[in-house]
Amino acid sequence: MKRLLVLVSLVCIGPGMAADGDAILEKHCATCHEINGPAAQSVEELWQRQGPDLFYAGSKYKREWLSNWLVKPRRIRSAGYLFFQHIKPGDKRDIVDASGLRPHPALSPAEAESVTTALMALKAKPGEIKAGDFKGGSIAIGFGEMVFDKFNGCMACHEIEPGYGGLSGPEVYTVARRLQEDYLVSFIRNPQAWNPKTPMPNKHTAEPNIQKIVQYLVALAKEDWDDTK
Ligand code: HEC
Ligand code: HEC
């Protein structure tokens, strides 16, 4: 990790110089992230990946979140990307062995800005995502939690607040700060369309419930989680 941090800080640019987002991506990010696609086609291939795919980043992430996170990355998956390497059984619930988890490389604000621009230009193929798929609307948090947890079993793998929920998936209490709503709808509808070998199951959630779940995730993200540390 030390080596990578040094590498990334090497790209630090001086005042007045524009950082080349595409060049930084190629050189410092593609070692762990797929930036050209396609998604892993076999489990073996998936296990070689060291971070989530970024080749459709522009259809997935919210720009503002992305540029902030790249300057000050915080953990999204408590057990890392390949969670099974870092989870061990505990008395009451599984526990994370964080000793093997390394901090994410950070960028300067100028680098983050140009890398964000480069990432936001990486769009999903036409037809993979539909603008307006999320119909909006709101839901009471308590009811939303019931749809998420009791009706659909999503909490088995996702934390809905720090320390509460499953550990194999990314935390979802800030997911609507991070990801575009239309992407959330599309991913929950059919995770395998995005990543054929993803461990996230297709729960065949009925369309109205998908909308309710995304309403819930939007409401949850508005609570006052501190996602700066
Ligand atoms: C050593 C491997 C490694 C390198 C190098 C690396 N990343 Fe990552 N990246 C990861 C891992 C692992 C995660 C998952 C972190 C988490 O969930 O807490 C991640 C997460 C991300 C995320 C959030 C994605 C999501 O869907 O949760 C973004 C955005 C990102 N990286 C961008 C970059 C950029 C841009 C660079 C180059 C400057 C980069 N990464 C370099 C391993 C790496
Ligand atoms: C068996 C565990 C499991 C269950 C059950 C599960 N998920 Fe997931 N989920 C995951 C994993 C693992 C990922 C990361 C997927 C990837 O990187 O390909 C994920 C990713 C996600 C994401 C994208 C988050 C991000 O930061 O990229 C959302 C949103 C999500 N799940 C919602 C749900 C909902 C809604 C349900 C219930 C219908 C659900 N999940 C059930 C394991 C699960």
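Predicted model: local features only at pLDDT ≥ 70, side-chain atom pairs only at ≥ 80, totals over all residues.
Local features need pLDDT of at least 70 and side-chain atom pairs count only at pLDDT 80 or more, while totals for chains, interfaces and linings use all residues. Residues are numbered from 1 along each chain as its sequence is written, ligands are numbered from 1 in the order in which they are written, and side-chain values use heavy atoms, with hydrogens and water left out.

**Stop one: ligand 1**

Select ligand 1 and the 23 residues around it, of which Cys-29, Cys-32, His-33, Arg-77 and His-104 come nearest; a residue is taken as near if one of its heavy atoms lies within 4 Å. Display next the polar contacts, meaning pairs of N or O atoms within 3.5 Å (within protein, one must be able to donate a hydrogen and the other to accept it, and residues adjacent in sequence count only if both atoms are side-chain atoms). A nitrogen atom of the ligand is 2.8 Å from a side-chain N or O atom of His-33, an oxygen atom of the ligand lies 2.6 Å from a polar side-chain atom of Tyr-61, and the side chain of His-104 has an N or O atom 2.7 Å from a ligand nitrogen. The elements that give two or more residues to this shell are α2 (21-29) and α4, helices here being DSSP runs of H or I with at least four residues and strands runs of E with at least two, numbered from the N terminus. The largest share, three residues, comes from α4.

**Stop two: ligand 2**

Move to ligand 2, where Cys-154, Cys-157, His-158, Arg-178 and Met-200 come nearest among the 25 residues around it. The side chain of His-158 places an N or O atom 2.8 Å from a nitrogen atom of the ligand, that of Arg-178 has one 2.7 Å from a ligand oxygen, and a polar side-chain atom of Thr-198 lies 2.8 Å from an oxygen atom of ligand 2. Both α7 (175-178) and α8 (181-189) give two or more residues to the shell, and α8 provides the largest share, with three residues.

**Stop three: salt bridges**

The whole structure holds 10 salt bridges, each a side-chain nitrogen of Lys or Arg within 4 Å of a carboxyl oxygen of Asp or Glu. Select Arg-74 and Glu-171, whose closest N and O atoms are 3.2 Å apart. This pair links distant parts of the chain, with Arg-74 in the loop between α4 and β1 and Glu-171 in the loop between β4 (164-165) and α7, 97 residues apart. Arg-74 is buried at 12% relative accessible area, as is Glu-171 at 2%, where buried means under 20%, exposed over 50% and partly exposed in between (1.4 Å probe, protein chains only).

Next, select Asp-133 and Arg-189, which form a salt bridge with the closest N and O atoms 3.0 Å apart. Asp-133 lies in the loop between α5 (109-120) and α6 (141-151) and Arg-189 in helix α8, so the pair ties together parts that are 56 residues apart in sequence. Asp-133 is buried at 6% relative accessibility, whereas Arg-189 is partly exposed at 30%.

Finally, select Glu-45, Arg-49 and Asp-53, which are linked in a network of salt bridges. Between Glu-45 and Arg-49 the N to O distance is 3.2 Å; Glu-45 is partly exposed at 32%, and Arg-49 is buried at 11%.
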